[in-house]
Amino acid sequence: MQDNQNAAPRKRGSLVILLLVVAVIAMLGYAAMTKKENMPDVTFTDLQGNKITSQDLRGKVTILNFWATSCVTCVKEMPDLVATYNKFNAQGLELIAVAMSYDPPNYVLNFVETRQLPFTISLDPKGKLAQAFGDIKLTPTTLVVDKQGQVIARYVGEPDFAALHRLLEKALAA
């Protein structure tokens, strides 16, 4: 009889410990998945040779778009990026389109000039920028960086521009 009376509290105690372990594992998993990535210390060089550092972008919300002239989706989304830039630039949005290392500079320059892109275009001839942001290989890859320099969104492929606009409104208001 004594063993049965002790068994129930032990089972409850084991269950409580098990639930605590599961809760801790769940919290650690959630924290790992929602951990914000800091923007690395990099320097972008625009088509005119001007340099923009990560520090120059602090205090601004920035879209970084890794793209290529040979990427059909990149070409398709470019008018939406222009519209996004035009809509939010007056509120402080910066947009830097980083041409991938395999994209010939003369193709990039021709694309930018014929489409009159209003935002900063940066070449990445050695692939160092793509590597610094997690070894980006797929285009388009678009990152949103908040005013504190944290990557708050990463899109591989064309983003949902309505959702992106909502995120930008929130980040710009912060």
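**Close-up views of a predicted model**

Figure 1. At 1% relative accessibility, cysteine 74 counts as buried, because it falls under 20%. The model shown here and in the views below is predicted. Cysteine 71 is buried too, with a relative accessible area of 10%. The two residues form a disulfide. Their sulfur atoms lie 2.4 Å apart. The angle about the S-S bond is 80 degrees, and the link of cysteine 71 and cysteine 74 is right-handed. The count for the model is one disulfide.

**Figure 2. Threonine 141 in strand β7.** Strand β7 spans residues 141-145 and includes threonine 141. This threonine is buried, at 3% relative accessibility. The side chain of threonine 141 reaches the backbone oxygen of leucine 138 at 2.5 Å. Beyond residues up to four places away in sequence, threonine 141 touches Leu64, Asn65, Phe66, Ile136, Arg154, Tyr155 and Val156.

**Figure 3. Leucine 64 and the largest nonpolar core.** The largest nonpolar core has 46 residues. Leu64 is one of those with the most contacts inside it, along with Phe44, Phe66, Trp67, Phe119, Phe133 and Leu168. The elements that give two or more residues to this core are strands β4 (61-67), β5 (93-99), β7 and β8 (150-156), and helices α2 (72-88), α3 (105-115), α4 (128-132) and α5 (161-173). Leaving aside neighbours within four places in sequence, leucine 64 is in contact with Met39, Phe44, Ile96, Phe133, Thr141, Thr142, Leu143 and Val145. In soluble globular proteins, nonpolar side chains tend to be buried together.

**Figure 4. The pairing of β5 and β6.** Strand β6 covers residues 120-123. Four bridges join β5 to β6, and the two strands run parallel. Alanine 99 has leucine 123 in β6 as its bridge partner. Between the two strands, the chain crosses through α3. This β-α-β crossover is right-handed.

**Figure 5. Glutamine 48 in the loop between β2 and β3.** Strand β2 covers 43-45 and strand β3 covers 51-53, with glutamine 48 in the loop between them. Glutamine 48 is exposed, with a relative accessible area of 65%. Glutamine 48 and isoleucine 121 are 73 residues apart in sequence. In space, C-alpha to C-alpha, glutamine 48 and isoleucine 121 are 9.3 Å apart.

Methods:
Residues numbered from 1 in each chain as written. Predicted model: local features only at pLDDT ≥ 70, side-chain atom pairs only at ≥ 80, totals over all residues. Heavy atoms only, no water. Buried < 20%, exposed > 50% of the residue type's maximum accessible area, 1.4 Å probe, protein only. Polar contact = N/O pair within 3.5 Å; in protein donor to acceptor, adjacent residues only side chain to side chain. Contact = heavy atoms within 4.5 Å. Core = buried A, V, L, I, M, F, W, Y, C linked by side-chain atoms within 4.5 Å. Pairing = 2+ DSSP bridges. Right-handed = clockwise from strand over helix to strand, strands pointing away. Disulfide = S-S within 2.5 Å.
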